[in-house]
Amino acid sequence: MRKLIETAAMVVAMLIAQTALAQDKPISWNSLTPAEQQTLTPMQDKWQTLSPERQAKLRENAKRWSQMDPQQQERIRQNRERWQSLTPQQREQLKAKQAKFRDMTPEQRQRMKQAFTRFSELPPEQRAELRERFSEMTPEQRQEMRKRFREMTPEQRQELLRKRKQRVD
């Protein structure tokens, strides 16, 4: 029995090692499935120059892409187009904001998501007004406003938003 377990463990170790070594080998374009090739067509000319790790990652992404529904694919296409339309400076700013978001505690991230949801549910005119008012503030005024808003209870926030809405109407 012990010999059988040792043999099985050795076979598993060999399979793991073989899989790890296989990832170091380039993936030929012709070994991709037709669906993977279709998804990765923009990369075809560069495919052989990519590292095996990059090829494997792209192949994984192509597999995930094929499993998405059309709405998910469209959302990703739109996000990619938006990203490509950004200037390098805007991309760096966005990366910094994403890193800052990742560094938040789960509670902070949840509050941020809730605030975004509340903001996105406002009527377009009210969102535009808030953006304009915020852009006209000094950095100190913005910080003070954020601090006051964070210290409010949800009920106080709702009351403030209700009053602002009445002013707009």
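Leaving aside neighbours within four places in sequence, Gln126 is in contact (heavy atoms within 4.5 Å) with Leu161, Arg164 and Lys165. Gln126 lies in helix α7, residues 124–136; helices (H or I, at least four residues) and strands (E, at least two) are DSSP runs, numbered from the N terminus. At 4% relative accessibility, Gln126 counts as buried, where buried means under 20% relative accessible area, exposed over 50% and partly exposed in between, with a 1.4 Å probe and protein chains only.

The model is predicted, so local features need pLDDT of at least 70 and side-chain atom pairs count only at pLDDT 80 or more, while totals for chains, interfaces and linings use all residues. Residues are numbered from 1 along each chain as its sequence is written, and side-chain values use heavy atoms, with hydrogens and water left out.

**Chain overview**

- The chain has 9 helices and 0 strands, and its elements run α-α-α-α-α-α-α-α-α from the N terminus on.
- Of the 169 residues in the chain, 15% are buried.
- Among contacts between residues at least 6 apart in sequence, 30% join residues at least 24 apart.
- The accessible surface comes to about 14100 Å², and 55% of that belongs to carbon and sulfur atoms; accessible areas come from the Shrake-Rupley method with a 1.4 Å probe, and for residues only the protein chains shown count as cover.

**Nonpolar core**

- The largest nonpolar core has 10 residues: Ile27, Trp29, Leu32, Leu40, Met43, Trp47, Leu50, Ala56, Leu58 and Ala62.
- A nonpolar core is a set of buried Ala, Val, Leu, Ile, Met, Phe, Trp, Tyr and Cys residues joined through side-chain atoms within 4.5 Å.
- In soluble globular proteins, nonpolar side chains tend to be buried together.
- Trp47 is buried, with a relative accessible area of 0%.
- Not counting residues up to four places away in sequence, Trp47 touches Ile27, Ser28, Trp29, Leu32, Leu40, Gln55 and Leu58.

**Aromatic pair and charge over a ring**

- The structure holds 1 aromatic pair; rings of Phe, Tyr and Trp (its six-membered ring) pair if their centres lie within 6.5 Å, and planes under 30 degrees apart count as stacked, over 60 as edge-to-face and the rest as tilted.
- The ring centres of Trp29 and Trp47 are 5.6 Å apart and the planes stand at 75 degrees, so the pair is edge-to-face.
- This pair links distant parts of the chain, 18 residues apart: Trp29 is in the loop between α1 (2–22) and α2, and Trp47 is in the loop between α2 and α3.
- Trp29 counts as buried, at 11% relative accessibility.
- Arg157 lies over the face of Phe149, at 5.4 Å from the ring centre; a charge sits over a ring if NZ of Lys or CZ of Arg is within 6 Å of the ring centre and within 35 degrees of the ring normal.

**Helix α3**

- Helix α3 has 15 residues (residues 52–66) and should span 21 Å at 1.5 Å a residue; its end C-alpha atoms are 21 Å apart, which agrees.
- The expected span of a helix is 1.5 Å times one less than its number of residues.
- Pro52, Gln55, Ala56, Leu58, Ala62 and Trp65 are buried in α3.
- Cover for the buried residues of α3 includes α2 (34–39) and α4 (70–85).

**Helix α2**

- Glu36 is placed in helix α2 and is buried, with a relative accessible area of 11%.
- Leaving aside neighbours within four places in sequence, Glu36 is in contact with Arg59 and Ala62.
- Gln37 also has its place in helix α2 but is partly exposed, with a relative accessible area of 22%.
- Gln37 touches Trp29, Asn30 and Leu32, not counting residues up to four places away in sequence.
- Gln37 and Arg59 are 22 residues apart along the chain, and their C-alpha atoms are separated by 9.1 Å.
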